[in-house]
Structure formats: C-alpha cells, structure tokens
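Thanks for asking me to look this over. Here are a few notes to read with the structure open beside you.

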Amino acid sequence: MFATGETKLQTVKTVGIISAVGGQMTVATGGLSGLDNSSRSFPIDSWELDDLIVQRATAALSGRFQVKPVSYNRAAFAIVKDSVVAPVNLVRGDPFKALVKTEVSPQGLDAYIVITKAKSSIGGAGRKVEGVGYIIYGTVMESYRQIYALYEIRVIDGKTFDVIEKMAAPPLDNTGHVKLAGPSQPVDGGVSIGAGDGTDESLRKAVVDLIVRSLPTTLNDLHLAAVL
Amino acid sequence: MNHNIKVLCRPCTVCVRRTPLVAFVAALGVTVSLPDVASAQTVFTLPAPPFQAPFLPSVSGDWTLTIGAGGEYKPDFEGSKHALFSPVPIFSLHRAGAAEQFHGPRDGASIAVIDFGNLQAGPTGKFVSSRKASSYSELNGLGDVNAAFEFGGFIQYFPVDWFRLRNETRQGFGGHHGVVSDFSADFIVPITRGFTVSAGPRFTWESSKATSPYFSIDAAQAMATGLSVFDAKGGSHSVGAGAQVSYRIDTHWEVHSYIEYERLLGDAAKSPLVTVRGSVNQTTVGLGASYSFDFKIR
C-alpha cells in the first residue's frame with residue numbers, strides 16, 4: 001500500500017506512450033497590461049509536437065522497457081480540465097485513469113506513460129497558463145516575452161489503472177523573467193516571435209527545444225530512464 | 001489548489017503546503033549529491049522517502065526553499081500609542097518555479113479551494129495573541145484577554161493582474177467570540193523585472209463580541225484604573241491604507257518592506273483606553289530579506 005512508484009515500476013516490462021500536449025499555442029498577457037488580460041490561442045497541430053514527444057520518450061525508455069505502439073483518442077486526453085473546486089478533484093480521482101481504460105488500444109500492457117498539459121500560475125494574481133504558449137509580461141519600465149512548454153507525465157498501471165507516478169516537468173533553469181512551474185525561456189535572447197502563429201518556424205523551434213531538453217530529465221526524475 | 005499554507009509569515013511570501021512531509025524527508029536525508037546537471041540552480045538532491053501514501057502526491061521533484069529574517073515595528077497592543085520592534089522569521093517551501101501569489105501583510109493564512117484563476121475563495125485563519133495587563137503600564141487594572149483563533153472564509157478577485165479586491169470574514173474563538181471582517185484593495189505595480197510596489201485602502205468591521213474584550217471597561221476595571229466605565233459595541237472598527245515594496249536582487253536574494261496604517265473608528269476609537277492612554281493611529285512597519293535555493297527530491 002505504501003510502496004513507492006520506483007518499487008512498483010520494477011515489475012513493469014511493457015509500456016505504451018500517450019501524448020496530448022501540443023494541439024494549440026496560447027498567447028497570454030500579464031503584469032501591467034492595461035485593462036486587458038485576455039489571451040488568444042491558435043492551432044499548432046502541424047508542428048506534430050505530440051509525435052515528437054512520443055518519439056523522444058520512446059528513445060529514452062527503450063533501454064529499460066519494451067515500448068509498444070498504442071493508438072488513442074488524443075482529443076479526449078487534451079480536453080480534460082480540473083474542477084475549479086479543489087475537493088472535487090480529490091473525490092473524483094484522476095480522470096486519465098478512465099481514459100486509459102476506454103480510449104487506448106491495445107489494453108493489457110504493464111503500464112501506460114501519459115503525457116498531458118500542465119498548469120502554472122503567472123504573476124501574483126493566480127491566473128494560470130497551460131500547455132504550450134508564450135507570455136507577454138508588462139512592467140512600468142519594460143515589457144518582455146517568455147515561451148513555455150508545460151506538461152506532466154503520469155505512469156498508469158495497465159492492470160489496475162492506478163497512477164504509479166506523476167510529475168510535472170520542472171523548470172529547466174532560472175533564466176526566465178516570469179516564474180513558471182515548468183520549462184520556459186525568455187524569447188528576447190535570440191528567439192524571435194515572428195508572426196506569432198502556427199506558421200512561425202522560430203517559435204516552433206523554441207518550443208521543440210524546450211521539450212527536447214526537459215523530457216529526458218523529467219523521465220529520469222520519474223525513475224523511468226537515465227538522463228540521455 | 002494553488003494556495004499553499006503559510007507556515008511562518010512574511011508579507012509577500014508564498015506559503016507551504018507539504019512542509020511537514022518534506023521536512024521529514026529532509027530529516028531522513030541520507031546523501032547529498034552533486035548539483036544536478038539539468039537544473040543549474042539545484043543545490044543538492046535528497047533521496048525520496050522509502051514509502052508513499054496513496055492519497056498524497058509524490059514529493060519527488062524540484063523544490064524551492066526560502067529562508068530569511070525580518071522585523072516588524074508595531075503597536076504594543078491594539079489602541080496603544082507605543083510600538084515595539086520584534087523579529088519575524090521567514091521560511092517557505094514550494095515547488096520550484098511556482099509563482100508567488102500576491103499576499104498582503106494583513107492577510108490571514110488561507111487556502112483557495114475554489115479557484116477560477118482570477119477569482120478565488122476558501123478557508124482562512126488568523127491568530128490574535130493574548131493581551132496581558134501586566135505587560136504594559138497602560139493596561140494595569142484591566143483584565144487579561146486570552147489569545148484568540150479566528151477561522152472563516154476569504155474571497156479575492158483580480159479583475160486585472162495589477163488590482164486585487166479581498167475580503168476575509170472570521171469567527172473568533174478563545175479571547176473573543178465575535179466576527180471580524182477585513183476588506184482590502186491593492187494596486188500591484190511591477191516597476192521592473194524584480195521591483196514591485198503595491199498599495200491600497202483597508203477597512204475592518206467587527207461585531208460587539210469581537211470589540212468588547214479589548215475596549216470595554218467594566219465597573220471593577222474603572223475603579224482599578226481610574227478610567228470611565230465603557231461598553232464597547234461593534235461596527236466600523238478601522239480604516240486605513242497599506243503599501244509594500246519588494247525587490248528581487250537576483251535569483252536567490254529578495255528584500256521587502258511594508259507599512260500599514262489604520263485609524264480606529266467607532267467604539268474602539270471612543271474607548272477611554274484609547275482616548276486617555278492610547279491613540280487611534282496605529283502604524284506597523286516591517287522589513288525583511290530572504291534567500292532562496294532549489295533542491296531536488298528523487
């Protein structure tokens with residue numbers, strides 16, 4: 001009952017990897033932003049970030065597990081939202097457990113690695129951003145931008161559908177101007193926003209860089225793989 | 001839940017939710033490894049605990065520990081015209097990278113169980129220390145007032161990131177059994193990347209049961225003190241304003257300071273304890289410095 005995730009993982013031989021992080025990018029404003037704190041989103045399906053994440057995770061885990069290809073309803077995993085009433089989230093349990101049971105094929109693997117969007121507060125107001133995006137943060141003296149890729153990884157038991165381990169990708173370093181509980185970096189240091197939409201190649205490269213740098217570390221922290 | 005529970009307070013710090021568990025893990029700390037290659041700021045790594053409760057999230061991951069010291073110069077007791085400087089320790093623990101939610105010096109410890117992002121609500125609590133008549137000459141002849149614990153709810157709303165409206169309404173237990181309701185508004189202005197200024201008005205309403213223990217004077221106390229008999233009723237209790245500044249020097253060091261002024265109103269202001277021996281003007285000044293560093297539990 002009190003076994004650690006690392007102990008439970010010792011019996012896992014076969015895993016499937018599910019990713020539902022990168023369907024859209026959000027542009028959020030924060031700080032001293034006039035009377036408008038609204039955000040906008042645009043689709044980035046063409047970037048194929050989830051395919052990239054599955055490829056990278058597969059490469060990182062293959063040394064320890066047999067990684068089996070799985071098919072799944074990506075949209076079902078992507079639209080899961082927490083309740084605004086925190087106790088409801090505790091009572092209803094982890095919604096991804098049921099999705100692994102009903103939306104993933106094949107069943108019967110020892111475990112499923114589920115990678116989904118994570119949330120982080122921006123600034124002192126408690127407003128949150130999630131998934132992939134960038135923030136435009138204003139102060140009296142200056143304004144700056146920061147790109148982020150916030151995701152979390154669950155390891156779900158393929159037989160009992162219990163969550164063995166769960167962790168959000170941690171910050172890569174402290175170079176960001178806005179504190180975020182996940183991988184992020186300023187975009188004024190060599191990365192341009194350009195058109196700021198799904199056709200922006202520099203934006204795509206910056207997001208890919210965040211994912212590629214953070215994924216091995218997060219998998220390692222979950223006791224799933226060694227740092228590559 | 002995006003609020004954490006503050007363990008030891010400072011005005012603008014974040015709060016701690018899993019401190020006991022992590023402290024326990026830290027106490028178990030067997031090895032301290034070299035800095036982790038993936039996090040330039042991670043100072044050391046602690047081993048994960050050898051067990052995991054199924055109903056609690058894993059403590060594994062990156063954490064930020066903040067330690068520091070400050071001081072507060074505040075009235076000896078509510079209504080006093082003298083003030084005293086006292087040290088305030090600073091300690092907080094939270095997940096690395098978590099943004100520090102704005103926190104006013106007068107806010108109680110709180111947890112947002114309802115969280116719409118810009119609108120949050122949940123339980124709150126505050127401790128009001130005891131008032132010993134023997135501690136200050138102005139109180140000689142008056143009875144002691146025990147320490148009070150106040151529990152209730154809070155609601156706060158950020159229409160934009162730089163403006164907060166907040167109310168806390170709490171029921172007292174122990175030293176008083178009344179109701180206290182604090183209203184505040186704060187303009188939060190980031191000047192530069194590390195320098196933030198905030199300020200705004202304050203107002204407090206208290207019921208008779210919350211006011212009377214501190215400001216009423218019964219016949220025996222009147223005889224002992226020479227003050228007039230006074231029956232303090234509830235109502236508008238105080239109005240004022242507060243301001244705070246914080247400056248993050250680098251990724252580790254931060255300094256902050258604040259000032260809170262309130263003018264007593266209603267029967268609190270009319271009490272002979274205040275009119276004869278005290279003051280309606282109540283000012284609190286605080287300052288502090290803290291150091292933060294990251295560590296990993298794995």
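1. First, a working term: a nonpolar core here is a set of buried Ala, Val, Leu, Ile, Met, Phe, Trp, Tyr and Cys residues joined through C-beta atoms within 7 Å. Please keep in mind that this is a predicted model.

2. With that in hand, take the largest nonpolar core, which has 63 residues. The members that touch the most others are Ile18(A), Ala57(A), Tyr112(A), Ile113(A), Ile115(A), Ile156(A) and Val207(A). Helix α6(A) gives the most to this core, with seven residues.

3. Setting aside neighbours within four places in sequence, Ile115(A) is in contact with Ile18(A), Ser19(A), Val21(A), Ile53(A), Ala57(A), Tyr151(A) and Ile153(A).

4. There is also a second, separate core of nine residues, including Val145(B), Phe215(B), Ala232(B) and Leu264(B).

5. Now for the sheet. In chain A, five strands make an open sheet with mixed pairing, in the order β3-β2-β10-β11-β14. Strands β3 (40–43) and β14 (184–186) of chain A are at the edges and have a single partner strand each, so one side of each lacks a neighbour in the sheet. From one strand to the next, the twist averages 20°.

6. Which strand do four bridges join to β3(A)? That is β2 (residues 24–31) of chain A, and the two run antiparallel. Within β3(A), Ser41(A) is the bridge partner of Thr26(A).

7. Finally, back to α6 (residues 201–221) of chain A, which packs on the sheet and touches β10 (132–138), β11 (143–149) and β14 of chain A. The direction of α6 makes about 55° with that of β11(A).

Technical notes: Residues numbered from 1 in each chain as written. Chains lettered and ligands numbered in written order. Predicted model: local features only at pLDDT ≥ 70, side-chain atom pairs only at ≥ 80, totals over all residues. Pairing = 2+ DSSP bridges. Axes fitted to C-alpha atoms, helices over the stretch in contact; angles between N-to-C directions. Contact = placed C-beta atoms within 7 Å. Buried ≥ 20, exposed ≤ 12 C-beta atoms within 10 Å, placed from the backbone.
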